[in-house]
Amino acid sequence: KYMLALRCLHAARSIDPNHFTNHEQAIRFRQTLKSVAEPLPSKISEALEAEFSPLISPNADLLELNSDYLSKNSESAAHVQASLRARQVIDPTTADENQKDVMRTLALPSVSLEDAIRGLDLLNDWKAQSRYREDYIAAAHERWPEATVFMNKHD
């Protein structure tokens, strides 16, 4: 199953190497390989490393790699959100910081309604603290007042 997943990553990357989902999934896959409960058979492990190394080196510092990706794509809400998802996977202790950073994506000049909804989904997926969700919804509602997803029950 790991080889199949890796083939999917390669196929997706060949279509759009900088697509935000590709980055997130590559980080998730590398993290999964690092934390496999039982060691994989050596032939499978070697094949995976040989195929995956061009995407992410086995010795790569995932936080640094993710931070570089974020720096290069800091003006795109979708890319920032993917980077935050990846950071959450790499280091769950960054949850509070990640939740705050999702809020900051609403201030990006190019943020779209789709990006904003994706940000809310992200906060929901993380079961974010209610104050972050409420602040996010209020800020998004201010920008997209007709979007029902960001309306209070009292609106």
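**Entry 1: Helices**

Helices are DSSP runs of H or I with at least four residues, strands are runs of E with at least two, and both are numbered from the N terminus. I started with Arg118, and I found this residue in helix H7, residues 113-125. Then I went through the whole protein and found eight helices and zero strands. From the N terminus on, the order reads α-α-α-α-α-α-α-α.

I note that this is a predicted model, where local features need pLDDT of at least 70 and side-chain atom pairs count only at pLDDT 80 or more, while totals for chains, interfaces and linings use all residues. Residues are numbered from 1 along each chain as its sequence is written, and side-chain values use heavy atoms, with hydrogens and water left out.

**Entry 2: The whole protein**

I looked up the overall box next. The C-alpha atoms fill roughly 60 × 30 × 25 Å, taken along the principal axes. How much of the protein is made up of buried residues? I got 38% of the 155 residues. Here buried means under 20% relative accessible area, exposed means over 50%, and partly exposed lies in between (1.4 Å probe, protein chains only).

I also checked contacts, meaning heavy atoms within 4.5 Å. Among contacts with a separation of 6 or more, 65% join residues 24 or more positions apart.

With residues up to four places away not counted, Leu123 touches Gln99, Val102, Ala128, Tyr132, Arg133 and Tyr136. I took one distance as well: Leu123 and Asn98 are 25 residues apart in sequence and 9.2 Å apart in space, C-alpha to C-alpha.

I moved on to Lys127, in the loop between H7 and helix H8 (130-143). Its phi is near 55 degrees, a positive value in a residue other than glycine. Most residues other than glycine have a negative phi. Lys127 has 74% relative accessibility, so this residue counts as exposed.

Glu97 lies in helix H6, residues 95-104. At 42% relative accessibility, Glu97 counts as partly exposed.

**Entry 3: Aromatic pairs**

How many aromatic pairs does a search of the whole structure find? I got four. Rings of Phe, Tyr and Trp (its six-membered ring) pair if their centres lie within 6.5 Å; planes under 30 degrees apart are stacked, over 60 edge-to-face, the rest tilted.

One of the pairs is Phe29 with Phe52. Their centres are 5.1 Å apart, the planes stand at 70 degrees, and the pair is edge-to-face. This pair links distant parts of the chain: Phe29 is in helix H2 (residues 20-34), Phe52 is in helix H3 (residues 42-52), and they are 23 residues apart. Both Phe29 and Phe52 are buried.

Why is the pair of Trp144 and Phe150 tilted? I read 6.4 Å between the ring centres and 35 degrees between the planes, so the pair is tilted. Trp144 is buried at 16% relative accessible area, and Phe150 is buried at 1%.

I also found a cluster: ring pairs link Tyr2, Phe29 and Phe52. At Tyr2, the charged end of Lys1 sits over the ring, 5.8 Å from its centre. The test asks for NZ of Lys or CZ of Arg within 6 Å of the ring centre and within 35 degrees of the ring normal.

**Entry 4: The largest pocket**

A pocket is an open set of points on a 1 Å grid over the protein atoms alone, where a 1.4 Å probe fits, with protein on both sides within 12 Å along at least five of seven lines; lining residues have an atom within 4 Å of a point. I looked up the space in the largest pocket and got about 170 Å³. The lining is Arg13, Pro17, Asn18, Asn22, His23, Ala26, Leu55, Ile56, Leu65 and Tyr69. H2 and helix H4 (62-72) are the elements that give two or more residues to this lining. Which element gives the largest share of the lining? I noted H2, with three residues.

I sorted the lining by class and got six nonpolar, three polar and one charged residues. Nonpolar covers Ala, Val, Leu, Ile, Met, Phe, Trp, Tyr, Cys and Pro; charged covers Asp, Glu, Lys and Arg; the others, Gly among them, are polar.

Terms used: Grid points are joined across faces, edges and corners, and a volume is the space filled by probe spheres set on the points.
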